[in-house]
Amino acid sequence: ATGNLLEVARAAGFEAHGIELNAAYARWIAEHRPHIRLFSGRLEEMPAGEPFDVVSADNVLEHIHEPRLFLRAIRERLAPAGLAAIRSPNFHSLPRLARSAFGIGGSGVSIDPDAHPCNYTRHSLLALLARERFHLQRAVERFMVSYPLKYGMARRFGGRGGWPARAARRLYPLCFAFDWLAPFGGVDLAVFARR
């Protein structure tokens, strides 16, 4: 999109490269962040070059119609000890299951099966990675309670002070901790695998 992850990676000392399929985003990056090294197109079309130590696909895989080809392209571009960091919505999240079973919970906390060509569970994503010869390092599910809380607080309390804003700021770290403590059923699924 706009290269925010690449900006953070550069600030941390990484030599960051990006890929953007959407021509409008690619133009925006070229205009507003010309220092970003960007390939405009599909990963499979990217010319071979130096291998990467880390390849991140953050909420990308669920939009890919041919995920095995995409994962092969990631694997081919990784250095021998390279790490793939893949994040996707978790189709077996507790909020989505509750919405399906009981009709409770808004669409903001669950997954709309019609929104993605592919939906992944922990099991299906790990099986797909194993088929493409990735070696799992870690799989994490997070509830992402902190995400809507953070933005809801910003909308609600914005520039206001007072005790509600102070209480909300104190509550946010607790929700963030909860995101990491719940081991299964989270909305967010992140997998780290080596080549």
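Mentor: Buried residues, meaning those under 20% relative accessible area with a 1.4 Å probe and protein chains only, make up 37% of the 195 residues in the protein. This is a predicted model, in which local features need pLDDT of at least 70 and side-chain atom pairs count only at pLDDT 80 or more, while totals for chains, interfaces and linings use all residues. Residues are numbered from 1 along each chain as its sequence is written, and side-chain values use heavy atoms, with hydrogens and water left out.

The protein exposes about 12,000 Å², by the Shrake-Rupley method with a 1.4 Å probe, and carbon and sulfur atoms supply 58% of that area. Of the contacts (heavy atoms within 4.5 Å) with a separation of 6 or more, 73% are accounted for by residues 24 or more positions apart. There are seven helices and six strands, taken as DSSP runs, H or I of at least four residues for helices and E of at least two for strands, numbered from the N terminus; along the sequence they follow the pattern α-β-α-β-β-α-β-α-α-β-α-α-β.

The part to examine closely is the packing of α3 against α5. Two packed helices are described by the angle between their axes and the distance between the axes. Here the angle is about 55° and the axes are 10 Å apart, where axes are lines fitted to C-alpha atoms over the stretch in contact and angles run from 0 to 180 degrees between N-to-C directions. α3 is therefore oblique to α5, the class left over once angles under 35 degrees are called roughly parallel, over 145 roughly antiparallel and 65 to 115 roughly perpendicular. The crossing of α3 and α5 is right-handed, that is, the near helix is turned clockwise from the far one by less than a right angle. Pro67, Arg68 and Leu71 of α3 make the contact with Leu128, Leu129 and Arg131 of α5. These residues divide into four nonpolar, no polar and two charged, with Leu and Pro counted among the nonpolar types and Arg among the charged.

Asn59, in the loop between β3 (52-58) and α3 (67-77), has a phi of about 55° although it is not a glycine, and because its relative accessibility is 29%, Asn59 counts as partly exposed, between the 20% and 50% limits. Arg133, in the loop between α5 (122-131) and β5 (135-142), is likewise not a glycine, and has a positive phi of about 65°; at 54% relative accessibility Arg133 counts as exposed, which requires over 50%.
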